[in-house]
Amino acid sequence: MSNNSISQEHAKYLNRIKKRKRNILIVQISILIVGLMLWEVAARLKWIDSFLTSYPTGIWQLFLRYLKEGDLLYHVGISVFETIVGFTAGTLLGILVAIGLWWSDFWAKVLDPYLVVLNSLPKTALAPIIIIWIGAGYSGIIVTAITISIVVTIMNVYFSFISVDKDKIKLLQTFGATKYQILKKVVLPYSIPTMISTLKVNIGLSWVGVIVGEFLVSKAGIGYLIVYGGQVFKLDLVMMSVFVLALISAMMYKVISILEDKFLKWNE
């Protein structure tokens, strides 16, 4: 088979992949549009109580008003700041603790039951206690976000560390490699895909921590808007805040996915 025929077949394969991705995107957008249209029609025709469920055009008008007045950007900025700080700190601390557990098998065995208990415990139940200890405000909310994401990071990354091929480690030890060199040359590179996957999980967990913290003590942020809207029965404000939260979360998740794709292409 000639090189041209191989190239043509490969080009056809790439075109099929692109077409499939495009079709998936079209269907996803279509489902969203149809769902919003049905929601709008149901509200207009009184099939549903628009006071309780609101409707897309009303939410959009409220979004534009809040955006014009600057209130929305203020609240979104606070929540995004808290989430990014909690997400970054929780991930880095979790990776550092996982490295420490891998480094010391003794402490890994000592702390194993405590990590299992913390992982099974609903971390949001600890939010009121954390906020009382740390204090109401940004610090308490950020620590809540860290608490929710750090245990998952530790367990995922540590499990990846100990799953490294033992033969590779023994080979490096035979050549006199230090533990730091083994960590740097084998363990960390092997675990990078797991770390990236953990980043995806931590995006959602950090948002959970921030929103729960804002529910409890904040006077600003997306969580505050949701609570305030519920208290004064402005459910269009609640729905708008939920949509904004979903959009920002999806954007942050997409950024991590793009970084993952770039890493996989570079690694190949």
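**Helix packing and nonpolar cores in the predicted model**

Helix 6 (residues 127–134) packs against helix 9 (residues 179–216) at about 70°, and their axes sit 10 Å apart. Helices here are DSSP runs of H or I with at least four residues, numbered from the N terminus, and axes are lines fitted to C-alpha atoms over the stretch in contact, with angles from 0 to 180 degrees between N-to-C directions. That makes helix 6 roughly perpendicular to helix 9 (65 to 115 degrees). The touching residues are A127, P128 and I131 from helix 6, plus V212, G213 and L216 from helix 9, where contact means heavy atoms within 4.5 Å. This is a predicted model, so local features need pLDDT of at least 70 and side-chain atom pairs count only at pLDDT 80 or more, while totals for chains, interfaces and linings use all residues. Residues are numbered from 1 along each chain as its sequence is written, and side-chain values use heavy atoms, with hydrogens and water left out.

On to the cores: each is a set of buried Ala, Val, Leu, Ile, Met, Phe, Trp, Tyr and Cys residues joined through side-chain atoms within 4.5 Å, buried being under 20% relative accessible area with a 1.4 Å probe, protein chains only. The largest has 24 residues, and Y66, W207, I222, M240, V244 and I248 touch the most other members. At least two residues of this core come from each of helix 3 (56–69), helix 4 (71–103), helix 9, helix 10 (222–231) and helix 11 (235–267).

Skipping neighbours within four places in sequence, W207 is in contact with S79, V80, T83, I222, L245, I248, S249 and M252. Another core, of 22 residues, lies apart from the largest one and includes I99, A108, I154 and I169.

Terms used: Angles under 35 degrees count as roughly parallel, over 145 as roughly antiparallel, 65 to 115 as roughly perpendicular and the rest as oblique. Buried means under 20% relative accessible area, exposed over 50%, partly exposed in between (1.4 Å probe, protein chains only).
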